[in-house]
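This report covers helix packing and the surroundings of individual residues. The sequence and the structure come first.

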Amino acid sequence: MSLLFAIALSCVFVSSQIAAKESEVVSYEGFQVWKIKPNSEEDRKFILDIEDPYELKLLRERRMAGDPMDVLVPPQSQTELKFKLAERKISYVVVTSDLQTAINNQKTNNKNHSKSKAAYNMDWTSYHRLSDIYAFLTYLNTTYPKLVQLTQIGTSYEKRPLYVLRISSSSSPGTRPAIWIDGGFHAREWISPAVVTYIIQQLVEVPANANLFSNVDWYIMPVMNPDGYEYTHTNDRYWRKTRSVSSTSTCRGVDPNRNFAFKWGGMSTSSDPCSDLYKGTKAFSEPETLAMSNFIIGKSKQIKLYLTFHSYGQTILVPYGYDVVYPPDYNELLALADNASTKFVKYEYTVGNSAALLYPVAGSSDDWAKSIGIKYSYTVELPDDGTEGFALSPSEILPVCQDFFPALDVFATKVATCCGAATTTTAKPLTSTTRPATTTKPKPTTTTTKRTTTKCPCTCG
């Protein structure tokens, strides 16, 4: 009995340690964000090699020659890292001298909501908790029943509802071509749900925008990862993943954008549950990715354009991302994204192939959407360019939203004129062993915002 008691006591001790860790609030006092500019591929690999020993966290990387790497540096590593970079003559700039101060400034507006008589708390001058976002969706569903339908498509790991809002003026919803929009994949990317909720508000409550849904339906999921999003507000501002529990590790969460079935487990994924790039035990292991994929599959013959919002970097990324591979209709996708980017005034976006511009990403949602027959599929990396990064100031929310919104007219016009009525055939769910993408000769990445006109051959879906 004494041995059993000792084992039980040990289990209780470990469980209490995990519980204590989960309740801990992470402070980033003294942490800095450095923009490091490698001189060569060898320098880039050097920085990646010292990431673990120096407890660094790579926040952003691009494959373009000479582009900097944004790195989160803990206080205890800063002096030694300076020497290491100096030895190799690698230049860097400290863009955030104290990350916790930036986080505190980002949260300040959240505590200063005035008791107004507005129907909802959403204002796009501050970042909002999940309760505000869900209350906003519920209000729209109640107030505009002929235009809006709110559907719970599942629950998260921690049993929070997963909501999709349909916006349609059709007397027979589901018969028109549709656009899918989602946000909040990665928990720390607060600007993403902010932009997506702004899009919803503009479509539903601004009469001048009614033309955007006169021939097109919209399916919008503003917070795909609600558990992680809430955790960034309560415990760890720079948390990225979901909050599921691993059976093999005390580390929690899966990267939802490595958890989709197409090319699952390929490049830029990890089998380590403690990694920010952890792919999960299998494709669609997460209730969030499974619920979302099942809903989209059910609408896959209606949805003609997939748009997922992330941050940061100011790019519009075109499939495929699992490797530098171009789908046969890559030029059509590129032309539409280029056309949309001409609408931006305040921020300059780069447009191009995901893997060529940034880095290969296997198991991503945009590649998966493309693989099931959704013709136009894009990932948008919202502003900024790394000056503030994930800690983007609340004062930038509205400018980012307002700058992007006009591009939706380009996407909606293409879907309405190209793709015609929705079909009723239901696509079959994909497994983790999906068909390979067609590889074509690589094409140069387009980075200009010059308007491109390409006649649509009406082969959507």
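## Basis

This is a predicted model, in which local features need pLDDT of at least 70 and side-chain atom pairs count only at pLDDT 80 or more, while totals for chains, interfaces and linings use all residues. Residues are numbered from 1 along each chain as its sequence is written, and side-chain values use heavy atoms, with hydrogens and water left out.

Helices (H or I, at least four residues) and strands (E, at least two) are DSSP runs, numbered from the N terminus. Axes are lines fitted to C-alpha atoms, for helices over the stretch in contact, and angles run from 0 to 180 degrees between N-to-C directions.

## Helices α6 and α12

Helix α6 (residues 191-205) packs against helix α12 (residues 397-404) at about 55°, and their axes are 9 Å apart. α6 and α12 are therefore oblique to each other; angles under 35 degrees count as roughly parallel, over 145 as roughly antiparallel, 65 to 115 as roughly perpendicular and the rest as oblique. Their crossing is right-handed, meaning that the near helix is turned clockwise from the far one by less than a right angle.

On the α6 side, the contact (heavy atoms within 4.5 Å) is made by Ile191, Ala194, Val195 and Tyr198; α12 contributes Ile397, Leu398, Val400, Cys401 and Gln402. Eight residues of this contact are nonpolar, one is polar and none is charged. Ala, Val, Leu, Ile, Met, Phe, Trp, Tyr, Cys and Pro count as nonpolar, Asp, Glu, Lys and Arg as charged, and the others, Gly among them, as polar.

## Helices α5 and α7

An angle of about 135° separates helix α5 (residues 130-143) from helix α7 (residues 226-234), with the axes 10 Å apart. That makes α5 oblique to α7. Leu130, Ile133 and Tyr134 of α5 meet Pro226, Tyr229 and Glu230 of α7. Five residues of this contact are nonpolar, none is polar and one is charged.

## Glutamine 302

Glutamine 302 sits in the loop between α8 (287-298) and β9 (303-311). With a relative accessible area of 3%, glutamine 302 is buried (buried means under 20%, exposed over 50%, partly exposed in between; 1.4 Å probe, protein chains only). A polar atom of its side chain lies 3.0 Å from the backbone oxygen of arginine 176.

## Arginine 44

Arginine 44 belongs to helix α2 (residues 41-49) and is partly exposed, at a relative accessible area of 23%. Leaving aside neighbours within four places in sequence, arginine 44 is in contact with Pro38, Glu61 and Met69. Arginine 63 is 19 residues from arginine 44 in sequence and 9.8 Å away in space, C-alpha to C-alpha.

How values were computed. A polar contact is a pair of N or O atoms within 3.5 Å; within protein, one must be able to donate a hydrogen and the other to accept it, and residues adjacent in sequence count only if both atoms are side-chain atoms.
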